[in-house]
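Dear colleague,

Please find below the structure for your review.

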Amino acid sequence: MGRRVRRNRFGSGCAIFIFVYNGSVNLCLLLHFYQPANQFGDVLKKVTQECYIPLIKSIKNNKKIKITADFPLSLLEQLDRYGFDWLIRDIKDLVDAGRIELVGSAAYHPLLTKIPLNFVDKQVILNEASLAYYFGVNKDFEGEDCFMIKGLRGFFPPEMAVNGEVLEALGGLGYNWVSVDEFYLSKESRDTLKNGFVYSLGSQTPKLIARSRRLADLISFKRDLDVSAIVTEILKDSADKMIALDAETF
C-alpha cells in the first residue's frame, strides 16, 4: 500500500443501507466483521469457515439482500495471509454490484475515545487505505496508479464509542453519518426512536444512525428458530429500524 490513496466521496446516491422492505418497515442491517490482529490462525480459519464463508454465500445467493458492512484492516490482512483472498474477491464483487455498502472504521479496532485525536486520524485513514487496496480500483480518473475507494460515507466506531471530539474529527474526514448505540442519545431522543433512527447534532458533525439495542439483543441471543418475537419487534410502531451487530453472530 505504498502508492497514493484517494477516496472518492461521491457515492451512488443509494440508501444508507437496506436489508428488507415489507411494504411498511425498512429493516437496515450493519454487520461488523472483525478479528483482532493477533488472532490465532486456527481460530481465524474456523470463524471464516463457519461464519464468513456461508454468510457471504447467502448474500450472493439472495439478490434481494443488501447490507452495510465494516471490514477493518485487522481482519482483511489476516484473510489475505491465510489464503482467503478468494473470499475478499467475492466480497469485492458484492461491493461492485451495490449489494454491500462499505463503511469506514479504525484499522486495528482501538476505542477512539481513548486515543489522541491525531491517532484517530491515522487509524481511520489507514483503514481507508486498506479498503481502497482490497475493494477499490487501482487507477485514478487520469489513468495514473493509485488505490481509490468510492461511496465511503458512513462510519462504524469500534464498540460504538464516540464523543463530541471524535464526531467532529470524523466530520472533518468527510464522513456523513456515524453508527451509535441508542443510549448515546439523550433520553428525549431515545423516547422518540419510534419516529426514526437518524439524528443530527448540527451541521458540523455527521448524522447519528442509532441502532435498536433491543432488536440487536433479540437476534444476538437467539437460540432457536422461532422468530416471532423478532418479527414483532421489527414491526413495532411501524417504524424503520437499524440493527448493528457482529457478523460472527451468524
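Arg213 is partly exposed, because its relative accessible area is 33%; buried means under 20% relative accessible area, exposed over 50%, and partly exposed in between (1.4 Å probe, protein chains only). Please note that this is a predicted model, in which local features need pLDDT of at least 70 and side-chain atom pairs count only at pLDDT 80 or more, while totals for chains, interfaces and linings use all residues. Residues are numbered from 1 along each chain as its sequence is written, and side-chain values use heavy atoms, with hydrogens and water left out.

Salt bridges

The structure holds 9 salt bridges, a salt bridge being a side-chain nitrogen of Lys or Arg within 4 Å of a carboxyl oxygen of Asp or Glu. One of them pairs Arg213 with Asp181, with 3.0 Å between the closest N and O atoms. Arg213 belongs to helix 7 (residues 213–220) and Asp181 to strand 9 (residues 177–181), so this pair ties together parts that are 32 residues apart in sequence. Helices (H or I, at least four residues) and strands (E, at least two) are DSSP runs, numbered from the N terminus. Asp181 counts as buried, because its relative accessibility is 8%.

Lys46 and Glu50 also form a salt bridge, their closest N and O atoms being 2.7 Å apart. Both residues lie in helix 1 (residues 41–61), 4 residues apart, or about one turn of the helix. Glu50 has a relative accessible area of 51% and is therefore exposed.

A further salt bridge links Lys222 to Asp224, where the closest N and O atoms are 3.1 Å apart. Lys222 is partly exposed at 27% relative accessibility, and Asp224 is partly exposed at 47%.

A buried arginine

Arg99 is found in the loop between helix 3 (85–96) and strand 5 (100–102). Arg99 is buried yet has no salt bridge, and the nearest side chain of opposite charge, Asp93, is 10 Å away. For charge, Lys and Arg count as positive and Asp and Glu as negative, with His and the chain ends not counted. Leaving aside residues up to four places away in sequence, Arg99 touches several residues, including Ile59, Asn62, Ile65 and Leu94; contact means heavy atoms within 4.5 Å.

Val231

Val231 has its place in helix 8 (residues 228–235). Val231 counts as partly exposed, because its relative accessibility is 38%.
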